[in-house]
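Q: Could you take me through the reading of a structure, feature by feature, with the general idea before the case?

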Amino acid sequence: MPVISTFCKKGGVGKSTFIGYLAHYYAQQQKNILVISVDDQNSIFKIFGTENAILEDDRNYFDYLIEGFIELGDVLINIRPNLDFIKTLNTDSLSIRITQERRLEKEIKKIIESYKTFYDYIFIDFPPASSRLSEVLIDLSDSVLIVVGLDSLGLGGFVNAIQYFVDKDLDIELINYILPNGFSKTKRAPKVSLEALKIQASKYTPNALVLPPLNDRSVIKNLQAEGISIFDNVGLSRYDTQSREIVKKELISLFEMLKFEKTL
Ligand SMILES: Nc1ncnc2c1ncn2[C@@H]1O[C@H](COP(=O)(O)OP(=O)(O)OP(=O)(O)O)[C@@H](O)[C@H]1O
Ligand SMILES: [Mg+2]
């Protein structure tokens, strides 16, 4: 089953937000979903109000599974129905180990292959920093979605991501989608950045689809601060309920444009 990654060489652009919501939406469609956080911050847990799980058990990190200390089932943290997460402790030292010991690369491949038989979709949430671990996991992905923040720094992150793919000899064709995030009708910068992004994307990733931009919505920030996913059915004030429904619709229309089934 497909492995889908979100990536960008710039922090805070919305990678974890987008993949977290996509994962939750699919899980609610009765798909079995695994999210692997290969980010030491494991911030995707916060989006679901489950940041306690990052610290409360220190025996269940992805690192330990790769090293062979624990079993496939031991690292899984159930977050919502049909939605499991995996957390990572120290991507830097793990990356050094992978470079030193090539067998670990094979081990990672085996682990992902095994999870593929249990889950309908595997999502990988990357940090902006690069590492050998990221390279190995991008290489194992069927599809990469680049999230770009619609400001000048965010755009730089797009070009850096392409540069990274080229430097590390990763397949640019894996990049199937580009999501511009943080659009605002009333501000000039995001509009200008969106046009610039389209030009860059047509040059560097002609086969990738630039999705319609996701708007900058304060309800996303507010709900994340409370640990409530946009797809959680919890009672909110009338105003927040209205805003949430607007964002949900916006996200679902984006999700419906994504096709991840493998074309063999
Ligand atoms: N469309 C949006 N509207 C408003 N706020 C947003 C939107 N998308 C993301 N955010 C907010 O931006 C912040 C960064 O988002 P997120 O953590 O998803 O980015 P990231 O790219 O995963 O960051 P990092 O590089 O640190 O992993 C969060 O506070 C999130 O709530
Ligand atoms: Mg993130």
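Q: Which residues in helix 5 meet which residues in helix 7?

A: This is a predicted model, in which local features need pLDDT of at least 70 and side-chain atom pairs count only at pLDDT 80 or more, while totals for chains, interfaces and linings use all residues. Residues are numbered from 1 along each chain as its sequence is written, and chains are lettered from A and ligands numbered from 1 in the order in which they are written. Helices (H or I, at least four residues) and strands (E, at least two) are DSSP runs, numbered from the N terminus, and two residues are in contact if their C-beta atoms, placed from the backbone, lie within 7 Å. Here Thr-91, Leu-94, Ser-95, Ile-98 and Thr-99 of helix 5 meet Arg-132, Leu-133 and Val-136 of helix 7.

Q: How is the packing of two helices described?

A: Two packed helices are described by the angle between their axes and the distance between the axes. The axes are lines fitted to C-alpha atoms, for helices over the stretch in contact, with angles running from 0 to 180 degrees between N-to-C directions. The axes of helix 5 and helix 7 come within 7 Å and cross at roughly 70 degrees, which makes helix 5 roughly perpendicular to helix 7, given that angles under 35 degrees count as roughly parallel, over 145 as roughly antiparallel, 65 to 115 as roughly perpendicular and the rest as oblique.

Q: At what angle do the axes of helix 8 and helix 9 cross?

A: The axes of helix 8 (residues 152–167) and helix 9 (residues 188–204) cross at roughly 5 degrees and come within 10 Å, and these two helices are therefore roughly parallel to each other. Their contact includes Phe-158 and Ile-162 of helix 8 and Leu-197 and Tyr-204 of helix 9.

Q: How many residues of helix 7 are buried?

A: A residue is buried if 20 or more other C-beta atoms lie within 10 Å of its own, exposed if 12 or fewer, and partly exposed in between, with C-beta atoms placed from the backbone. Helix 7 (residues 132–139) has six of its eight residues buried, namely Leu-133, Ser-134, Glu-135, Val-136, Leu-137 and Ile-138. Among the elements that cover these buried residues are strand 1, helix 5, helix 6 and strand 5.

Q: Which residues of strand 5 point one way, and which the other?

A: In a regular strand the side chains alternate between the two faces of the sheet. Tyr-121, Phe-123 and Asp-125 point one way from strand 5, Ile-122 and Ile-124 point the other way, and all are buried.

Q: In which sense does strand 5 pair with strand 1 and with strand 2?

A: Two strands pair if DSSP finds at least two bridges between them. Strand 5 pairs in the parallel sense with strand 1 over four bridges, where Phe-123 is the bridge partner of Ile-4. Strand 5 also pairs in the parallel sense with strand 2 (residues 33–37), over five bridges, and there Ile-124 is the bridge partner of Ile-36.

Q: Which residues are closest to ligand 1?

A: A residue is near a molecule if its C-beta atom, placed from the backbone, lies within 6 Å of it. Of the 19 residues that surround ligand 1, the closest are Gly-11, Gly-14, Lys-15, Ser-16 and Thr-17. Helix 1 (15–28), strand 7 (175–183) and helix 10 (218–225) each supply at least two residues of this shell.
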